[in-house]
Protein chains: 2
Amino acid sequence: MARLPVYLRALTTLSEAGTAVCSSEDLAAAAGVNSAKLRKDLSYLGSYGTRGVGYDVDYLRYQIAREMGATRDWPVVIVGIGNLGHALANYSGFRSRGFRVVALLDADDRRHGETVAGVVVRPFDDLRAIVREHGVAIGVIATPAAAAQDVADQMVDAGISSILNFAPTVLNVGPGVAVSKVDLSKELQVLAYHEQRKAHAQETAS
Amino acid sequence: MARLPVYLRALTTLSEAGTAVCSSEDLAAAAGVNSAKLRKDLSYLGSYGTRGVGYDVDYLRYQIAREMGATRDWPVVIVGIGNLGHALANYSGFRSRGFRVVALLDADDRRHGETVAGVVVRPFDDLRAIVREHGVAIGVIATPAAAAQDVADQMVDAGISSILNFAPTVLNVGPGVAVSKVDLSKELQVLAYHEQRKAHAQETAS
DNA sequence: GTGATTTTGTTCTCGCGTTCACAAACTCCT
DNA sequence: AGGAGTTTGTGAACGCGAGAACAAAATCAC
């Protein structure tokens with residue numbers, strides 16, 4: 001489920017606050033969801049709670065982390081070291097959640113050799129070798145839209161089976177490859193849409 | 001609707017490719033959705049297509065842009081100039097979609113005066129004055145999680161009614177304020193979850 | 001001008017996810 | 001030990017969005 005990371009984060013926050021046991025109500029409030037939904041999600045993983053008591057924070061945290069594969073280290077490749085790729089390489093949230101950036105790749109040979117966040121930028125052609133060497137399963141695309149599809153194809157060809165795409169394009173990949181898309185400006189546009197609606201509503205109301 | 005930006009982007013791509021008229025099938029394929037869904041979404045805005053012909057690309061593009069409020073300029077404030085804030089300030093996708101970064105704010109006074117993407121970093125306390133001066137309705141939070149709620153409160157207090165939150169926290173805001181959340185590592189975690197499932201499935205199959 | 005064809009706009013049905021509500025189970029107090 | 005009070009886990013109803021299917025409308029061929 002897509003909400004597991006949210007629960008995990010909420011549990012970590014609770015744990016750091018010194019909470020040992022929490023009810024589904026508490027955790028649901030911290031995660032921003034309905035408590036029934038939370039209980040159903042958790043029951044899908046197994047019965048890790050105790051009726052009349054609640055959930056052991058650390059125990060549940062470990063169970064969710066295990067289910068999500070967050071107990072192991074995931075090597076990750078980032079392709080495209082522009083502004084976004086730079087920020088992603090430096091983003092501490094990846095490392096703290098078990099993701100290790102093993103390589104930064106860029107097609108522009110003027111960037112090769114440059115060190116970003118302790119990792120050297122290498123040519124895009126090294127992709128296959130890096131994937132094989134580190135057993136990389138997850139790739140991040142932070143290139144311009146025009147290059148994204150080609151990068152994705154070569155990633156799949158090299159053996160990568162999960163892609164996180166920041167380029168504003170729809171990627172066509174074969175079955176068995178998971179693609180997740182994040183579009184930074186889309187979110188802003190949705191907000192602008194709501195603002196527009198609000199403004200329009202006020203206008204017509206007057 | 002949240003899919004409007006996707007349609008707009010697909011239309012822009014089609015327009016740049018020289019397409020003057022397109023069917024719902026074409027546009028749906030470009031946007032990566034079902035054609036019936038697309039037609040239903042568009043019909044919600046009005047009847048901008050011609051039966052037997054399709055949609056005029058530029059006309060539809062303008063109509064969607066107008067509906068979304070993308071025809072006007074939206075002033076935006078970014079709070080928190082770390083790695084992420086830096087990348088966001090430099091991100092060209094904002095400017096090209098009608099968003100203008102009018103101010104960069106940070107609580108750390110060592111950053112004040114620094115210029116990022118042509119905009120000077122200013123103290124967080126200037127928020128209220130900036131919002132009033134530029135008529136800012138949209139704020140972006142790129143601070144650490146611990147500071148996010150406080151920043152959000154002050155944003156709302158200053159008159160901002162839409163917040164894009166990159167900090168990994170659930171924000172509590174009053175009614176009438178729209179919050180959109182982007183969690184970069186959450187997406188990676190979802191992908192890792194699927195990888196984990198795949199690996200586990202293979203294991204049990206053997 | 002009339003029929004064939006294409007494509008939109010809309011209605012209807014289906015399925016999934018969310019939420020409510022309650023029984024089972026555990027703890028605590030007396 | 002037994003009852004009162006909590007809290008989980010789950011069965012059932014509700015609602016919403018997605019996709020299929022069809023009617024209305026416009027173009028094209030003859």
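The talk below goes from the overall model to the DNA, the chain contact and a sheet.

Mentor: Before you start, this is a predicted model, where local features need pLDDT of at least 70, side-chain atom pairs count only at pLDDT 80 or more, and totals for chains, interfaces and linings use all residues. Residues are numbered from 1 along each chain as its sequence is written, while chains are lettered from A and ligands numbered from 1 in the order in which they are written.

Trainee: In chain A, which helix has the highest confidence?
Mentor: Confidence here is pLDDT, the predictor's own score for each residue, from 0 to 100. Chain A has a mean of 93, and 99% of its residues reach 70 or more. Its lowest point is helix H9 (residues 184–205) of chain A, at a mean of 84, and the highest, at 98, is helix H7 (residues 127–134) of chain A.

Trainee: What share of the residues of chain A count as buried?
Mentor: Chain A has 9 helices and 10 strands, where helices (H or I, at least four residues) and strands (E, at least two) are DSSP runs numbered from the N terminus. "Buried" is a count: 20 or more other C-beta atoms within 10 Å of the residue's own, against 12 or fewer for exposed and anything in between for partly exposed, with C-beta atoms placed from the backbone. Of the 206 residues of chain A, the buried share is 41%.

Trainee: Which element gives the most to the surface near DNA strand C?
Mentor: A residue is near a strand if its C-beta atom, placed from the backbone, lies within 6 Å of it. There are 23 residues around DNA strand C, and A:Asn34, A:Gly52, B:Ser24, B:Gly49 and B:Gly52 come nearest. Helix H3 (35–45) of chain A, helix H3 (35–45) of chain B and strand S3 (54–56) of chain B each supply at least two residues. With 5 residues, the top contributor is H3(B).

Trainee: And which element gives the largest share of the surface near DNA strand D?
Mentor: DNA strand D is surrounded by 22 residues, the closest being A:Ser24, A:Gly49, A:Gly52, B:Asn34 and B:Gly52. At least two residues each come from H3 and strand S3 (54–56) of chain A and from H3 of chain B. The largest share, 5 residues, belongs to H3(A).

Trainee: How many residues of the surface near DNA strand D are charged?
Mentor: Ala, Val, Leu, Ile, Met, Phe, Trp, Tyr, Cys and Pro count as nonpolar, Asp, Glu, Lys and Arg as charged, and the others, Gly among them, as polar. Near DNA strand C that gives 7 nonpolar, 10 polar and 6 charged residues. Near DNA strand D there are 7 nonpolar and 10 polar residues, and the charged ones number 5.

Trainee: Which element gives the most to the side of chain B that touches chain A?
Mentor: Residues are in contact if their C-beta atoms, placed from the backbone, lie within 7 Å. The contact takes 43 residues from chain B and 44 residues from chain A. On the chain B side, elements giving two or more residues include helix H1 (4–16) and helix H6 (92–96). The most, 13 residues, come from H9(B).

Trainee: Which residue of S8(B) stands opposite B:Ile78?
Mentor: S4(B) and S8(B) pair in the parallel sense over 4 bridges. B:Ile138 and B:Val140 point one way from S8(B), B:Gly139 and B:Ile141 the other way, and all are buried. The residue opposite B:Ile78 is B:Val140.

Trainee: What is the bridge partner of B:Val77 in S5(B)?
Mentor: S5(B) is mostly covered, with 6 of its 8 residues buried. S4(B) and S5(B) pair in the parallel sense over 6 bridges. In that pairing, B:Val77 has as its partner B:Ala103.

Definitions and conventions
Two residues are in contact if their C-beta atoms, placed from the backbone, lie within 7 Å. Two strands pair if DSSP finds at least two bridges between them.
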